Amino acid sequence: MQKDELKIKLSELLPSAAFEEGAEWPTILIDPRVWTDLARHIRSGIGLDFDYLFCLTAVDWKTHFTVVYHLTSTVHRHTLVVKIRLDRERPEVPTVSDIWRTAEFHEREAYDLMGIVFTEHPDLRRLFMTDEWIGWPLRKDYEDPVNMIKL
Amino acid sequence: MIEDLGTTEQGELVVNLGPQHPSTHGVLHLVVTLNGETIKKVEPHLGYIHRSIEKMCESLSYRQFIYVTSRMDYLSSHINNHGCALCVEKGMQIEVPPRGRVIRVLMDELTRLASHQLWWGAMAMDVGALTPFFHAFREREAINDIMEQTCGARLTMNYMVPGGVMVDIHPDFQQKVKEFIRFFKGKIDEYDELVTENVIFKSRMEGVGYISPEDAVSFGCTGPTARGSGVSCDLRKISPYEVYDQVQFEEVMENGGDCFARYLVRMQEMRQSLSIIEQLIDNIPGGEFQAKTKAVLKLPKGEFYSRVETARGEFGVYIISEGGTTPYRIKFRSPGFSNLSALDHMARGHKIGDLVAIMGTLDLVIPDIDR
């Protein structure tokens with residue numbers, strides 16, 4: 001599906017979605033509450049088939065977080081970027097590990113390093129850091145006098 | 001750990017494989033739950049070599065951060081550098097001169113060959129055949145020598161820079177590579193005779209560690225791991241970069257989905273890489289090897305994503321720029337991390353000895369997983 005077609009299809013599916021302009025791939029900005037339903041739709045919707053989640057990451061914007069999902073379809077070869085804005089005080093977003101299995105590890109990584117809580121995740125524990133670790137290393141306000149070297 | 005014991009059922013045994021186990025090829029720690037010898041669950045514990053490269057890159061300039069990426073997947077260091085250089089070039093709209101592009105592809109394919117050679121030796125060693133390891137290292141040494149002559153390094157190359165490659169190829173490069181192709185063509189047939197057709201090896205590999213194409217996609221598997229299940233995912237074909245659309249090669253796919261299929265994919269990929277190198281080695285265009293760029297690179301505000309095909313699969317670089325000289329946030333999508341997540345699914349129900357074979361065909365490089 002072409003970029004414009006995809007945009008039309010997605011705005012039909014979710015009228016509240018905002019599109020971000022100027023990016024390489026169509027990028028939509030959504031609310032965490034609609035994510036699970038939308039994820040199910042774009043995973044198996046006719047003509048969409050976004051079956052491959054190739055990148056999941058979180059960004060700390062100091063005032064809020066965004067969780068970024070890069071999705072592509074191995075059938076139609078189109079790509080979509082989904083961004084979810086999260087509150088800094090309560091960074092919670094529903095898991096998609098039941099829809100894309102790869103999300104299970106990627107979500108654990110985002111939890112471990114950025115402190116994003118993926119609700120209903122089957123096994124949300126630290127992945128790289130030790131269980132006793134305090135703080136979220138990839139956050140911009142993270143300070144560690146022992147382990148951090150300022151360049 | 002004591003709490004964990006409470007969750008095991010009667011007759012179950014929890015075995016720690018690694019982090020210092022020869023078959024994990026690095027500091028990978030697997031907690032394996034067994035029933036007798038049958039695997040019930042595999043849980044990777046990561047982080048033993050986590051250096052937080054993503055955080056480090058936030059304070060490094062767009063020229064500096066590329067050097068750190070050689071230390072992730074050290075067997076595909078050229079290709080990692082390549083992905084980063086592509087991403088910076090995308091942001092700054094730098095056009096790489098034709099000579100630079102061809103040299104890049106040549107280096108990528110030589111890296112892929114070297115990586116697959118090491119995998120082949122290590123894979124055979126994992127299932128109990130020690131000799132192939134020495135064969136593979138002998139051939140890999142020839143590539144390392146070629147690399148050393150041009151890049152000055154044997155493992156962490158740091159050769160690709162935004163705009164092209166750092167220095168021109170060594171005057172002997174073409175001749176050396178041609179010699180290597182002649183030499184290695186005979187060797188790869190030897191590889192097949194020695195291991196591929198071996199009955200014991202085949203019986204260890206066939207029907208072990210099956211993953212269906214749907215699951216492979218769902219788990220985010222890429223590279224030979226997914227292509228062994230018949231998933232077309234070669235970025236050199238799907239979204240060609242540099243001169244991959246101008247060379248003739250096939251995307252190797254097998255439909256078995258088991259260890260042997262993944263093995264066959266890599267063996268044939270070596271032949272495809274040789275063919276790409278053969279096509280390009282006499283056709284390196286003249287001219288500049290590097291575009292003229294400013295000393296200090298500044299990416300415009302925005303987001304840039306580049307994807308390249310490493311020896312293990314899809315490597316992605318996601319740069320978020322605020323317009324400064326350093327990235328605001330950088331994310332590396334490493335192929336090994338997603339491939340590893342499928343290990344549990346592949347290994348369940350098999351014997352513990354097969355786990356080593358399955359891990360071997362995933363071709364895991366731990367610094368790439370941990371970053």
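Okay, hi everyone. Keep in mind as we go that this is a predicted model.

Let's start with the contact between the two chains. How many residues does each chain bring? Chain B puts in 37 residues, and chain A puts in 39 residues. Between them, the two chains bury about 3400 Å², and 56% of that is on carbon and sulfur atoms. If you look at the chain B side, the residues that lose the most area to chain A are B:Lys55, B:Tyr328 and B:Phe337, which together make up 18% of what that side buries.

Which parts of chain B touch chain A? Several elements each supply at least two residues, including strand S3 (38-45), helix H2 (53-57), strand S6 (302-309) and helix H13 (335-341). The largest share of that side, four residues, comes from H13 of chain B.

B:Ser52 has a phi near 55°, which is a positive value in a residue other than glycine. You'll find B:Ser52 in the loop between S3 and H2 of chain B. Then there's B:Gln93, also not a glycine, with a positive phi near 55°. B:Gln93 sits in the loop between helix H4 (77-92) and H5 of chain B. So, buried or exposed? B:Ser52 counts as buried because its relative accessible area is 18%, under the 20% cut-off. B:Gln93, at 72% relative accessibility, counts as exposed.

B:Thr111 is buried, at 5% relative accessibility. What does B:Thr111 touch, leaving out residues up to four places away in sequence? The answer is B:Leu75, B:Ser76, B:Ser77, B:His78, B:Ile79 and B:Met147.

B:Tyr67, B:Met166 and B:Val167 make a nonpolar surface patch of about 230 Å². B:Tyr67 belongs to helix H3 (residues 65-69) of chain B. With a relative accessible area of 31%, B:Tyr67 is partly exposed, and that value can count towards a patch because patch residues need over 30%.

That's it from me, thanks!

Notes
Residues are numbered from 1 along each chain as its sequence is written. Chains are lettered from A and ligands numbered from 1 in the order in which they are written. This is a predicted model: local features need pLDDT of at least 70, side-chain atom pairs count only at pLDDT 80 or more; totals for chains, interfaces and linings use all residues. Side-chain values use heavy atoms; hydrogens and water are left out. Patches are made of residues with over 30% relative accessible area and no salt bridge: like charges are joined within 9 Å, nonpolar side chains (Val, Leu, Ile, Met, Phe, Trp, Tyr) within 5 Å. Accessible areas come from the Shrake-Rupley method with a 1.4 Å probe; for residues, only the protein chains shown count as cover. A salt bridge is a side-chain nitrogen of Lys or Arg within 4 Å of a carboxyl oxygen of Asp or Glu. Buried means under 20% relative accessible area, exposed over 50%, partly exposed in between (1.4 Å probe, protein chains only). Contact means heavy atoms within 4.5 Å. Buried area is the accessible area (1.4 Å probe) that two parts lose on being put together, summed over both.
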